[in-house]
Amino acid sequence: MPKTVFVLNGPNLNLLGQRQPEIYGSETLADVQASCAALSAEIGLEMRFEQSNSEGTLVDLIQEARTAADAIVLNPAAYSHTSVAILDALKAFDGPVLEVHISNIHQRESFRHHSYVSLRADGVIAGCGTQGYLLALRRVATLLA
Ligand code: DQA
């Protein structure tokens, strides 16, 4: 049975490619989804890719992952720095959680240096651009093997 990974994206990531390209690059979220789908197929993972601007929808998706996914790759975007609700939802999920940030949050404003999600994440990838998603998927495959 192939293992399933949810790749979840938080607020404003729907604007990837248009939003501050000097920080986040020129790739769109659809490009990231296509790369994640290609790599998942190559390494034998089933992947579901979602984006929401709403904290509650992200909590619902993480709760759904409790029964529908083996691992979560999550770019919580701005909710990283604010959301106890997303942290609590992740604490109710048993599998590996990989946190991804396209930019190096530690090189940016101090309010981005703390992530609630990191308290639960098994690994954190920051500053590797959109390649961070692919690194996270490879890590998921290793952890689930
Ligand atoms: C981000 C970093 C966050 O601080 C920011 O709010 C984002 C994107 C990143 O991918 O680098 O929206 O998570």
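A: Let's start with a definition: a salt bridge is a side-chain nitrogen of Lys or Arg within 4 Å of a carboxyl oxygen of Asp or Glu. Keep in mind that this model is predicted.

Q: How many salt bridges does a search of the whole structure find?

A: Here is the general idea: side chains of opposite charge can pair when their charged atoms come close. In this structure, the search finds six salt bridges. Among them, Asp 122 pairs with Arg 120, with the closest N and O atoms 3.1 Å apart. Arg 48, Glu 50 and Glu 64 are linked in a network of salt bridges.

Q: Which salt bridges does Glu 109 form?

A: Glu 109 meets Arg 108 at 3.9 Å, N to O, and Arg 112 at 2.7 Å. Glu 109 is partly exposed, at 37% relative accessible area.

Q: Is Arg 108 buried or exposed?

A: Arg 108 counts as buried because its relative accessibility is 17%, and buried means under 20%. You will find Arg 108 in the loop between β4 and β5. Its side chain makes polar contacts of 2.9 Å with the side chains of Tyr 24 and Ser 103.

Q: Which residues of helix α5 are buried, and where do they lie around the axis?

A: In general, an α-helix has 3.6 residues a turn, so residues three or four places apart point the same way. In α5, the buried residues are Gly 132, Tyr 133, Ala 136, Leu 137, Val 140 and Leu 144. They cover an arc of only 140° around the axis, so they sit on the same side of α5. Their cover includes β1, α2, β2, β3, β4 and β5.

Technical notes. Residues numbered from 1 in each chain as written. Predicted model: local features only at pLDDT ≥ 70, side-chain atom pairs only at ≥ 80, totals over all residues. Heavy atoms only, no water. Helix = DSSP H or I, 4+ residues; strand = E, 2+ residues; numbered from the N terminus. Buried < 20%, exposed > 50% of the residue type's maximum accessible area, 1.4 Å probe, protein only. Polar contact = N/O pair within 3.5 Å; in protein donor to acceptor, adjacent residues only side chain to side chain. Arc of directions from axis to C-beta. Contact = heavy atoms within 4.5 Å.
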